[in-house]
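Let's take a walk through this one together. Have the model open and follow along.

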Amino acid sequence: MPRFKPYDYNQLLMVPVSLEDQLVPGTLEYAIHHLLEERVDTTIFHDKYQNEDTGRTAYDPKMLLKVVLLGYSRGMMSSRKLERACKENVVFMALSCGQKPDHSTLAAFISGMGEDRVVSLFTQVLMVCEQEDLLGGTHFSMDGLKLPSNASKEWSGTHKDLLKKKVKLEEKLKEAVREHREEDQSGGDRDAHRQSVRIKRLGKSADRIEKFLQDTPPKQGRQGKEIQSNVTDNQSAKMVSSHGVVQGYNANAMVDDKHQIVVAAVAFGEGDDGVNVAPMLEATKKNLTAVMDDPEPLKGRIVSADTSYYSKINLEACEEEQVDAYIPDRMFRQRDPRFSDAKRHRRSVDKNKQRYASKKKWFKPEDFHLDEASGKLICPAGQGLYRNGRFKKDGYEAVSYRAPAGACPGCALHSKCLRNPKGKFRQVRLFDGKPTGSLTEAMKQKIDTPEGRRIYGRRLANVEPVFGNIRAQKRLDRFTLRGEKKVNVQWTLYCMLHNIEKIGKYGVGWN
């Protein structure tokens with residue numbers, strides 16, 4: 001028989017632990033501790049406390065902030081998990097100096113932190129980045145991450161949709177009450193408690209929608225039309241993400257290219273990136289002005305963003321701030337000669353799986369030719385289309401031609417000319433060359449140059465790793481707070497945590 005050393009779990013061990021020894025230089029917890037103790041002013045939280053003369057002593061907000069940041073770095077967003085970590089994890093014990101704040105204290109601290117205080121902390125950390133020479137200040141890249149919020153998309157809809165939902169809930173409530181009464185009268189043994197809970201839940205849901213409709217006006221979109229509201233968090237919105245449609249927020253970040261430092265972080269309650277450049281530039285300018293000795297930190301600097309930000313509104317914002325913008329349109333890769341043979345490398349797809357593919361071809365504008373003598377546009381069937389005015393949009397000018405009444409319905413080429421089988425006439429617009437004075441066209445020409453493609457190509461390596469770190473390594477897969485201001489607090493904390501990690505890695509004397 002082999003002999004083993006005996007062991008017994010029913011015993012206590014007195015283990016001496018030096019809290020300071022647990023904070024090893026080169027680790028993230030050391031960077032968080034050293035930064036908040038020596039380089040960041042946390043007295044901005046003191047106005048929340050009024051216990052100078054009476055009342056119980058409070059937990060130091062500096063210590064609570066350390067615990068929250070370390071928890072976020074490890075994917076712990078739950079205040080109960082943070083409470084448990086402070087009791088069981090030696091690193092959390094070291095940062096909290098053995099104190100054990102409960103989950104309600106931690107939750108209240110995070111939700112009541114305040115947007116202004118967090119922005120002040122973020123700016124101070126950004127100033128440390130500047131002092132450690134981690135900011136380049138020449139090329140900034142912007143991108144966004146659409147994340148679910150603490151709200152269900154099932155509670156979204158226009159006021160008309162929500163009213164229908166309320167009526168259906170009331171119908172289900174009446175049916176549940178009727179079934180419950182019939183069960184009582186018949187003396188059945190059905191679970192009365194479960195029925196009672198279901199009735200209360202349906203009644204509470206219907207009352208909740210009714211109160212929301214009474215207290216909240218319809219939500220208006222940028223086009224002046226009503227868009228979907230949300231009963232749980234009305235400042236969030238439905239948006240399309242890489243993981244499907246989510247009810248959440250569009251978290252944007254502006255990143256410096258030298259060491260991928262986040263210089264501005266803003267979460268928007270709408271999924272359209274086509275209007276986000278102006279507020280992002282404003283936030284970036286405000287933060288950099290406070291950090292750098294430059295009243296115009298963005299003037300002449302390069303700002304790059306992906307195709308979702310390509311819009312006239314965003315380009316106008318870039319022109320107003322006098323930045324050197326590189327924001328391509330969605331078709332820019334099709335014009336890139338480097339991708340001219342891309343189709344050659346695509347694998348063939350089973351024809352049965354091509355849901356939207358079609359081999360049918362219709363006549364294009366180039367299949368029509370202009371008769372100089374008559375001034376008419378001649379279609380492939382020989383019919384002359386007469387001039388029907390001019391068309392202008394976004395700097396482009398075109399002449400519009402239209403077939404005369406009765407010419408198209410009986411034409412033998414009708415099926416190849418009009419996509420709609422019931423179409424009565426064909427209309428063609430011929431554009432007059434390139435537009436003049438158009439910001440969108442100027443951006444296309446700028447991106448299509450070799451230098452433009454080279455500069456824009458740096459965006460991917462600049463901003464994408466930041467979102468990969470925050471989402472994959474820090475495990476931010478949803479926001480746990482509600483309301484745009486509180487979500488902004490959480491998003492700014494994560495971006496600040498990313499910057500602290502960079503300081504700990506690249507700062508002099510931090511590792």
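Start at Val90, which sits in helix α4, residues 90-95 (helices are DSSP runs of H or I, at least four residues, and strands are runs of E, at least two, numbered from the N terminus). Before going on: this is a predicted model, where local features need pLDDT of at least 70 and side-chain atom pairs count only at pLDDT 80 or more, while totals for chains, interfaces and linings use all residues. Residues are numbered from 1 along each chain as its sequence is written, and side-chain values use heavy atoms, leaving out hydrogens and water.

Val90 is partly exposed, at 31% relative accessible area (buried is under 20%, exposed over 50%, partly exposed in between, with a 1.4 Å probe and protein chains only).

Now for the charges. There are 27 salt bridges in the structure, each one a side-chain nitrogen of Lys or Arg within 4 Å of a carboxyl oxygen of Asp or Glu. Take Arg458 and Asp257, whose side chains meet at 2.5 Å, N to O. That pair ties together distant parts of the chain, 201 residues apart: Arg458 is in helix α14 (residues 450-473), and Asp257 is in the loop between β7 (244-256) and β8 (261-268).

Helix α14 also holds Arg454 and Glu451, three residues apart, about one turn of the helix. They form a salt bridge too, with the closest N and O atoms 2.7 Å apart.

What about Asp336 and Arg338? Their salt bridge has its closest N and O atoms 2.8 Å apart. Asp336 is buried at 3%, whereas Arg338 is exposed at 55%.
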